[in-house]
Amino acid sequence: MEEKGKFYITTAIAYTSRKPHIGNSYEIVLTDAIARYKRLQGYDVFMLTGTDEHGQKIEEYAKKANVTPKQYVDKVAGEIKDICDMLNVSYDKFIRTTDDYHEKTVQKIFKKLYDQGDIYKGEYEGMYCTPCESFWTESQLVDGKCPDCGREVKPAKEEAYFLKLSKYQKQLEEFIEQNENFIYPEARKKEMLNNFIKPGLHDLCVSRTSVKWGIPVTFDENHVIYVWIDALSNYITALGYDPDGSSEQYKKYWPADVHIIGKDIVRFHTIYWPIILMALGEPLPKQVFGHPWLLFGKDKMSKSRGNVIYADELVELLGVDAVRYYLLSEMPYASDGSITYETIIERYNSDLANTFGNLVNRTVAMQNKYFNGIICEPDSPEAVDDELKQFAFDTVAKVEKCFETYRVADAIEAVLNLAKRSNKYIDETTPWSLAKDESKRSRLGTVLYNLLESIRFIAVLLLPFMPETGEKILAQMNCDVKSYDSLSQFNGTKPGTTVNEAQALFARIDTEKMLSEIEEKNKAAEKADETASNEIEGIAQISFDDFSKIELKVAKITDCEPVKRAKKLLKIILDDGSNQPRQIVSGISPWYKPDELIGKSVVIVSNLKPAKLCGEMSNGMLLAGDVSEDDVKVLFVDSMPPGTKIR
C-alpha cells in the first residue's frame, strides 16, 4: 500500500493523582481507534499519550500516602500505562513529564520565552483552586466557587511569572477565524471565541513559589514552572523539539494533525497552547477535537461521588474488545454518553453476541456443513447479491466519511448495519433450503461466498475498533487479505480456501446472573468499608494520657450527600477553621437527611487516622449519641465558631 503521508495524533496526558476510571479511558480508546484507522488507510501514524506528573495536588496526595512525590507518580503512572496496555492501545510513545529530556526542554522553553519578553515577573493575587491548580478573580467565581470544578477556593497571593496572552490575542483570534476546523466541533469554537477570547485575555500565571514539586525555573530558584507550559509542551518535547535545534522526528511529525481532548480542557489547548507556540515561532496544531464526557447513568463519573467504574473491572467481566466496542459506540458526537452495567450488558448481547457473533458463527458453520469448509467460486449470481455488495461498498464510504470528522460512534454503527444487512441476506437467500436441492448447489456456494466476503469487509473495518475480534474473524475464515485497499473490490475471499472451525466470538451473558454477581461484589466491598467504619467508631478504655491525644474541634457542615452503594453512610464536607475543607463519612443516614445537616456546627475528632469507607475517604469522626437502640442524635454546637477546640 502506498504511504499517504504522516498523521500525528495525541491524547491529553493523564494527571497522576489517582487511578483513572472508565470515563478517563474513553479518550485513549477513541484516539487509538482513529490512529489504527489511519494506519489501515496507509498513513505513517505517530500516536502519543502519557502522564502529567507535577503540581500541588501530587504533593498533597504523596504526603497523605507518606511517600515522596516521585514514588507516588511512579505508581500511578504505572497504573495508567497498564490500563492503556490492557485496552490494547497502540501508542507509539508514552511520555511522562518527569522524564529527564522533557524537564530540560521545558526549562529551555521557559527561558526562551523570558529572554524574548513574552514572560515577565509579577505578583498574583486572587482565589486559588487547588484541584484545578487555577487562580480566579472574584468575578470569575460561580457562587463563590471554582467555575471549572465547583469546589471551594481560597485567597492566595504570591510572586509569579506571567505569559503575555494579551500580546497574542489578535493573532490568535484571526487564526481561529481563518482556520475554521481548528477547534472542533463548531460549538466549542464559538464558546472559546465568544466567552474567552473576544472579551479580552488576561496574562497567564506560569510559575509558582508555593509549590515545590515541579520543574525549577533555571534562573530563579524560588519558582517552579507551572502546569500550562510543563504539561502542554509534552506534545512537542516527545518528538524531540528543542529551542536550540529540534530532531528530525519533530520536523517530520509536527504540527499535530489532531489533539484529542476532553471538552473541559478545550480552553487550555485552544488559547494557552497556541499562544505558547506562536511565541516560540512554531506551527500550530491543525485541529483540536474536544470530545464529550462518559457519564455514569446521568452523572459525571467522579471518585468523590462514589459512582466510578474502572476499565480493568469491566475487562475482567466482558473482555477487552467488548469494553472498547461499548466505549466507542455509546458516545454521541456532541453530547455526553452514558454507561451502566445494565446498558453495557444489553449492548453486548444485542450487538456483539446476536449480530456480529451470530453472523460469523452460522456462516462459517454452514460452509463447513455444506462444503467441508472449502470456499466455492461465486459463479451463480442473482440480483439480491448486488444489493449486498453495494451495501458493503457504501459502508466503507460511510466509515471513511465519519472518520473525517471523528464521528467514531457513527462509523462503528455503519459496520454494525453491514452485519445486520448480511443477516438479512441469509434470510433472503435461505441457504438451508438451497442445500436440500442438488441442482442449486452452485447457487448455495455463491451465497456463502458472498456472506464470507461481506464478513471479511466487516472484519477489516472492525480492526480499528476491536482489533482482536477482527483478527479472530479473519482467522476463522482462514483469510489473510485485510488491507484497506482490498475493500475496493468484492473478491478478497479466495475460492478453494478451507475455513476453520466455527467458534463463538461472544457468548451471551445471563444479565440477571451477572448483575447479581456485581451486586454481591459491591455488597462485599461495602461490608468491608462498614467494618472499617465500625472499627473507627468502636469504644475502648483508654488512659488519661491517651485521651489527651484526641483533638476535638468544632466544624460547620457546608455540604452533605449520600454515599452511593451504602445505605447508612453520608459524605459530609466541613469547615473546621483551617481554610481547607474536610470530608467525613458517617453512618447517620437513617436518622438525618443531608438538608437537615447543612449549616449545622458539630464536634469532630480531627486527628483520627483517615479511613476509606465505600470508596470515600473519611478524615475524622463527628460526635453523636445513641439515645436509644433505634435513635441517634448528633451533637450540635451552633453557638461556637469553626475551629473552636473542645477540652
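The legends below describe a predicted model in which local features need pLDDT of at least 70 and side-chain atom pairs count only at pLDDT 80 or more, while totals for chains, interfaces and linings use all residues. Residues are numbered from 1 along each chain as its sequence is written, and side-chain values use heavy atoms, with hydrogens and water left out.

**View A. Packing of helix 15 with helix 17.** Helix 15 (residues 408-429) packs with helix 17 (residues 441-462) at an angle of about 170 degrees, their axes lying 10 Å apart; the two helices are therefore roughly antiparallel to each other. Here axes are lines fitted to C-alpha atoms, for helices over the stretch in contact, with angles running from 0 to 180 degrees between N-to-C directions, and helices (H or I, at least four residues) and strands (E, at least two) are DSSP runs numbered from the N terminus. On the side of helix 15, the residues that meet helix 17 include Val-415, Leu-418, Tyr-425 and Ile-426, whereas helix 17 contributes, among them, Arg-443, Asn-450, Phe-457 and Leu-461, contact meaning heavy atoms within 4.5 Å. By class, this contact has eleven nonpolar, four polar and one charged residues, where Ala, Val, Leu, Ile, Met, Phe, Trp, Tyr, Cys and Pro count as nonpolar, Asp, Glu, Lys and Arg as charged, and the others, Gly among them, as polar.

**View B. The largest cavity.** The structure holds three cavities of 30 Å³ or more, and about 80 Å³ of space lies in the largest cavity. A cavity is a set of points, on a 1 Å grid over the protein atoms alone, where a 1.4 Å probe fits but cannot get out, and lining residues have an atom within 4 Å of a point; grid points are joined across faces, edges and corners, and a volume is the space filled by probe spheres set on the points. Of the 14 residues lining the largest cavity, Gly-55, Glu-133, Ile-225, Tyr-226 and Val-227 are the closest to its centre. Strand 12 (220-225) and helix 7 (227-232) are the elements that give two or more residues to this lining, which by class has six nonpolar, four polar and four charged residues.

View C. Three strands form an open sheet in the order 10-12-11 with antiparallel pairing, two strands being paired if DSSP finds at least two bridges between them. Strand 10 (207-208) and strand 11 (215-217) are the edge strands, each pairing on one side only. Strand 10 pairs with strand 12 over two bridges, and Arg-208 stands opposite Val-224 in strand 12. Helix 4 (residues 100-115) lies across strand 10, strand 11 and strand 12, and runs at about 30 degrees to strand 11.

View D. Strand 7 (residues 154-163) pairs with strand 9 over two bridges, and the bridge partner of Phe-162 is Cys-205 in strand 9.

**View E. Backbone geometry in loops.** A cis peptide bond joins Tyr-184 and Pro-185, with omega about -5 degrees, and Pro-185 lies in the loop between strand 8 (183-184) and helix 6 (186-197).

Definitions and conventions:
Angles under 35 degrees count as roughly parallel, over 145 as roughly antiparallel, 65 to 115 as roughly perpendicular and the rest as oblique. On a 1 Å grid over the protein atoms alone, a cavity is a set of points where a 1.4 Å probe fits but cannot get out, and a pocket is an open set with protein on both sides within 12 Å along at least five of seven lines; lining residues have an atom within 4 Å of a point.
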